[in-house]
Amino acid sequence: MAFDKLKDMIMLKKMGFGSVLAIVFGSQIGSGIFMVPAALAPFGTISILGWILAGLGALLLAFVFAGLCSAFPKTGGPHVYIYELFGRWPAFFTGWTYWLISWVSSSVVVIASVACLHPLLGEYQSPYVYLSLEIILLLALTYINCKSVVLSGKFELILTLLKFIPFAIVPTIIFYKFDLSNAYILNEYSNESVLSLMPIVISIAFWGFIGVESATTPAEFVKNPSKTIPRAIVLGTLAVALIYIINNIAIMGVIPSNILAESKAPFVDAIKVVLGKNISFIMSIITSLVCIGTLNAWILTSAQISLGLAQSNLLPSFFARKNTAGSPYISVLISCFGMIPILILTKNESLAAQVTYIIDFSVKSFLLVYLACCLAYFKLAYRLNNYRKLILSAMAIVFCLFMIIESSIQSILIATLFTVSGIFIVPYIPSTKDDVKIQ
């Protein structure tokens, strides 16, 4: 999702290792880290293990996408690799799922952007106040993205500069008040075994790594992509995992689990505990702006995903329509207005409950896309008779399957419905000479 912004900046210049590494950071570090500590709070110190295992899974996927990108250095998303190895219709359903869930899951970012401002809004505001502000924010970003892709890119660049401030400040400041005894399993999960809790804990933590595939999209604009991208995506994902673990442990050490579970903005509340209310106001504004930057990037990305699919004749042609400002406005409008019903339907007094519900089925949907790409990589490795890649792809497949199978039936059904819903779009997809009928 960071690719379109960088593309405007670098034009036809080839990106080096540093630029690709920036995409790895930008695509993974977003609103997730600001919301996930609250969602993981009920599980106490088990969440640390969840972060580690989720990071290992993300690293496996990083190797998979790096390998696919090296083999097919073409600009695009996951559907590009599926098209190359499985054909048009599997590519359509993969791309359709990827596009659909890219904006559905963005509703979490909308929630986070407003929730971070709770010190300014007041502790006991009605959920309807937050809902109204979420819709206003969404409409404002819809206007910006419809007005101009360039304007959206400039807006995103400014907000990106603020992204690393909280991650550097929070651990440094609050570790001197750190006490890990604050992290404990809440009563609702106290009778559960660690093994039974692991799937949901890993699923929530893995939300922070969604976007691991984004760094592979600008392959045609990267110097020596077969070496540059794998190095950047692996090292970048390792660094992201380390940032997540350190910050999550720091926050757990200053806010008791029962209070953290009800927090609307864990980073802000952690600063408030250590430095007081006035400083937390400043942090709330910074974290909100960071989340808004992530939201803007995902709106831009989801529009570009559908635009790319339409240009590949994998979506109806009207998705490729642009206004005079060069924005794929239909895609932007569908993405943004589609989020409003989700915000309304998932509204909850408990922010953690609302976010966890959306994250749960969103992660499963992304995992379906990742699983398809892992299977494609396995097929590629089999063709090349490369045992190392076969083992790597098999491990990634096992991780995806574990995460999907261990989910609740409800989450799996919702995730599957996103994919199956593409059947209703098939009759409106432009035909091509190499079309193969769906059996």
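Good morning, colleagues. The structure before you is a predicted model, and I shall begin with the protein as a whole. It is built from 20 helices and has zero strands. Of its 439 residues, 59% are buried. The protein exposes about 17800 Å², and carbon and sulfur atoms supply 68% of that area. If we take the contacts between residues at least 6 apart in sequence, 83% of them join residues at least 24 apart.

Let me turn to confidence. The average pLDDT is 80, and 84% of the residues score at least 70. Helix α19, residues 387–405, has the highest confidence, at 93, whereas helix α1, residues 3–10, has the lowest, at a mean of 44. Over residues 1–12 the pLDDT is below 50, and this stretch has 26 contacts in the model beyond near neighbours in sequence. At the other end, residues 434–439 also stay under 50, with six contacts beyond four places in sequence. Where pLDDT is low, the predicted coordinates should not be read in detail.

I move now to helix α15, which covers residues 266–275. Seven of its 10 residues are buried, so the helix is largely enclosed by the rest of the structure. The buried residues are Pro266, Phe267, Val268, Asp269, Ala270, Ile271 and Val274. Just after this helix comes glycine 276, with a positive phi of about 100 degrees.

Which residues make up the nonpolar surface patch? They are Leu49, Ile52, Leu53, Leu56 and Val194, and together they form an area of about 380 Å². Helix α4, residues 46–71, gives the most to this patch, with four residues. Valine 194 lies in helix α12, residues 194–206. Its relative accessibility is 42%, so valine 194 counts as partly exposed.

Helix α12 also holds phenylalanine 206. Is phenylalanine 206 buried or exposed? It counts as buried, because its relative accessibility is 0%. Leaving out residues up to four places away in sequence, phenylalanine 206 touches Ala54, Gly57, Ala58, Leu61, Val363, Leu367, Tyr370, Phe399 and Met403. Phenylalanine 206 and isoleucine 359 are separated by 153 residues in sequence, and their C-alpha atoms are 9.4 Å apart in space.

Two further residues deserve a mention. Serine 257 belongs to helix α14, residues 257–260. With a relative accessibility of 3%, below the 20% limit for a buried residue, serine 257 counts as buried. The side chain of serine 257 reaches the backbone nitrogen of tyrosine 184 at 2.9 Å. Beyond its neighbours within four places in sequence, serine 257 is in contact with Ala41, Gly44, Asn182, Ala183, Tyr184 and Leu186.

What does threonine 142 contact, aside from its neighbours within four places in sequence? Its partners are Val332, Leu333, Cys336 and Phe337.

Thank you for your attention.

Terms used: Residues are numbered from 1 along each chain as its sequence is written. Side-chain values use heavy atoms; hydrogens and water are left out. Buried means under 20% relative accessible area, exposed over 50%, partly exposed in between (1.4 Å probe, protein chains only). Helices (H or I, at least four residues) and strands (E, at least two) are DSSP runs, numbered from the N terminus. Patches are made of residues with over 30% relative accessible area and no salt bridge: like charges are joined within 9 Å, nonpolar side chains (Val, Leu, Ile, Met, Phe, Trp, Tyr) within 5 Å. Accessible areas come from the Shrake-Rupley method with a 1.4 Å probe; for residues, only the protein chains shown count as cover. A salt bridge is a side-chain nitrogen of Lys or Arg within 4 Å of a carboxyl oxygen of Asp or Glu. Contact means heavy atoms within 4.5 Å. A polar contact is a pair of N or O atoms within 3.5 Å; within protein, one must be able to donate a hydrogen and the other to accept it, and residues adjacent in sequence count only if both atoms are side-chain atoms. pLDDT is the predictor's confidence in each residue, from 0 to 100.
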